[in-house]
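Please view the sequence and the structure together before reading on.

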Amino acid sequence: MVLADTAGTLIHATVKKPQVSKLQRFIVSGEWRIIEHFTLTKSTGKYRATKHGFKMSMMEKTVISRTPAVSDDIYVDLANFPDILNEAGLSENILIDVLGQVVSFNEMKIHDVNNKITKRLECELRDTK
C-alpha cells in the first residue's frame with residue numbers, strides 16, 4: 001500500500017502476513033490514522049511503489065489508531081506525459097501515477113520476478129489535456 005503524510009509525502013508500506021488479520025480493520029482507504037511502532041528499511045528492488053528512499057513495515061507491536069481528518073486532499077503524484085515519453089525523464093524502477101484515456105491494450109503477460117509470478121497488462125494511453 002502507499003501512505004501519505006500531511007505534507008503529501010508518499011511512502012510504500014507493507015504488513016507481514018501474521019499481522020494482516022490484526023491490522024486490516026484499522027487501515028481504511030482515504031481515512032487518516034496514527035501509526036506507531038514500525039520499521040523503516042532502505043527501499044530497493046527493481047520495482048518501487050514510490051520515490052521515497054525508505055519503505056515502512058508494520059510489525060507485531062505496530063499500533064494504528066483513529067484520528068480526525070487532517071486534510072481532504074487526495075495525494076497522488078501524477079506523471080506528465082512528456083516526462084513519460086522522455087526516456088531520461090523517469091526511472092523505470094519506480095511506479096508512477098498517470099491519468100489518461102485508454103486507447104488500446106494487449107493480452108495479459110505473465111512474468112517471473114524474483115521467483116514470484118506476476119502479471120502485466122500493457123496499454124496505450126492518450127494524454128487528455
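This is a predicted model: local features need pLDDT of at least 70, side-chain atom pairs count only at pLDDT 80 or more; totals for chains, interfaces and linings use all residues.

Residues are numbered from 1 along each chain as its sequence is written, and side-chain values use heavy atoms, with hydrogens and water left out.

The mean pLDDT (the predictor's confidence in each residue, from 0 to 100) of the protein is 88, and 100% of the residues score at least 70. Helices (H or I, at least four residues) and strands (E, at least two) are DSSP runs numbered from the N terminus. Among these elements, the lowest mean pLDDT, 82, belongs to helix 2 (residues 81–85), and the highest, 95, to strand 3 (residues 33–42).

Four strands form an open sheet in the order 1-2-4-3, with mixed pairing; two strands pair if DSSP finds at least two bridges between them. Strand 1 (2–4) and strand 3 each have a single partner strand, so one side of each lacks a neighbour in the sheet. Strand 3 and strand 4 (residues 54–66) run antiparallel and are joined by 9 bridges. Lys42 lies opposite Phe54 of strand 4.

Most residues other than glycine have a negative phi, yet phi is positive in Asn114 and in Asn115. Both residues are exposed (over 50% relative accessible area; buried is under 20%, partly exposed in between; 1.4 Å probe, protein chains only).

| Residue | Phi | Relative accessible area |
|---|---|---|
| Asn114 | near 50 degrees | 72% |
| Asn115 | near 65 degrees | 76% |
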